Amino acid sequence: MDKLLYIIAWVFMKSLQALPLRGVARLGRAGGGLAYWLDKRHRKVATENLTHCFGDSMSREQIREIAKENFRRLGENYACGIKTAAMTFEELQPHCEFIGAEKLFPPGSPTPPPNRVVAIGHFGNFELYARFGQLVPAYQCATTYRGLRQASLNKLMQSMREKSGCFFFERRTDAKLLKDAMARSGMILGLLSDQHAGDRGLRLPFFGRDCSVSAAPAVLALRYQCHLHTGICYRVGLAQWRIEVGSEIPTTFRGEPRPVEDITREINLALEEAITRDPANWFWVHNRWKAQKFRGGEATKIASAARTTIPITDLEAEP
């Protein structure tokens, strides 16, 4: 069964990669539009999330239209993510713009430059974050992921992603490898920070409502003494994206580490701003505000994690 899944996925991937990018984008949008009508559960989640965030400023019809467009874009993003993974940087350049690269690599920066952590999210074609190192070769991009249960599909997914040149570390098993990598200079570590983080996360507001938030970007920036930024991928047209780097978020104040909660609040505010700017561009089908209990004393544990070696799997979001 595992092998059969691999063959089906491989044929699907290669078929998409053989098509022109804009054609893939149109196919993806069509598939996403169909999914809106067929996938009742995720349609309900997206509509409820949007209503929570924009119900006071938008009509029900406006929210419904954003939800429909969100499904189309998810289809476009997934399909294009497969296609762009096989494209060279030269082929990709007409379709992708990076704004704010100078914030990560200012003129006069030493080589190799100092390490940075970038809090990223499920915006637009988020697989493109891994290509930043091709724009600024002085940096080596790295990120974490949670492996799929099906070993062959996981192998196929990683073979596709690794063509970007980005280092990928499995959250549950590669903590030591990540630590060794961050001991070097010239690393940019991108961490998805916009999803539910389970009972190990920080309890912080997001769009005015408490939820579980990943402390990983703040903790790892403090632990490895990295500059901290946000990175957002905006869709600006059919198969066209713009990745914008946010201004640095301070991790220290008067020479002392800032509280992890304060740093993470600033990340949340930056993500909220990006979502409000283009509501259809985010991953609304995820249950971001799950009702749950938080572990007692966990905030203290997370706050001290910057000076310890708590595994990254204890800090990052659930799938």
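Biologist: Which element provides the largest share of the lining of the largest cavity?

Modeller: A cavity is a set of points, on a 1 Å grid over the protein atoms alone, where a 1.4 Å probe fits but cannot get out, and its lining residues have an atom within 4 Å of a point. Here the largest share, three residues, comes from α4. Helices such as this are DSSP runs (H or I, at least four residues), as are strands (E, at least two), numbered from the N terminus. The model is predicted, so that local features need pLDDT of at least 70 and side-chain atom pairs pLDDT 80 or more, while totals for chains, interfaces and linings use all residues. Residues are numbered from 1 along each chain as its sequence is written, and side-chain values use heavy atoms, leaving out hydrogens and water.

Biologist: How many cavities of 30 Å³ or more does the structure hold, and which residues line the largest cavity?

Modeller: A volume is the space filled by probe spheres set on the points, which are joined across faces, edges and corners. The structure holds one cavity of 30 Å³ or more, and the largest cavity contains about 80 Å³ of space. Its lining consists of Gly 81, Thr 84, Ala 85, Glu 127, Leu 128, Ala 130, Arg 131, Met 160, Arg 161, Ser 164 and Phe 168. Two or more of these residues come from each of α4 (60-85) and α8 (151-161). By class, five are nonpolar, three polar and three charged; Ala, Val, Leu, Ile, Met, Phe, Trp, Tyr, Cys and Pro count as nonpolar, Asp, Glu, Lys and Arg as charged, and the others, Gly among them, as polar.

Biologist: Which residues lie nearest the centre of the second largest pocket?

Modeller: A pocket is an open set of points with protein on both sides within 12 Å along at least five of seven lines. The second largest pocket has a volume of about 210 Å³. Of its 13 lining residues, Thr 230, Ile 232, Tyr 234, Gly 246 and Glu 273 lie nearest the centre. At least two lining residues come from each of β8 (227-237), β9 (240-245) and α11 (260-277), with α11 giving the most, four. The lining comprises six nonpolar, three polar and four charged residues.

Biologist: Why is helix α10 described as largely enclosed?

Modeller: Buried means under 20% relative accessible area, exposed over 50%, and partly exposed in between (1.4 Å probe, protein chains only). Eight of the eight residues of α10 (residues 216-223) are buried, so the rest of the structure largely encloses this helix. Among them are Pro 217, Leu 220 and Arg 223. Just after α10, Gln 225 adopts a positive phi of about 55°. Val 11, by contrast, lies in helix α1 (residues 2-17) and is partly exposed, at 42% relative accessibility.
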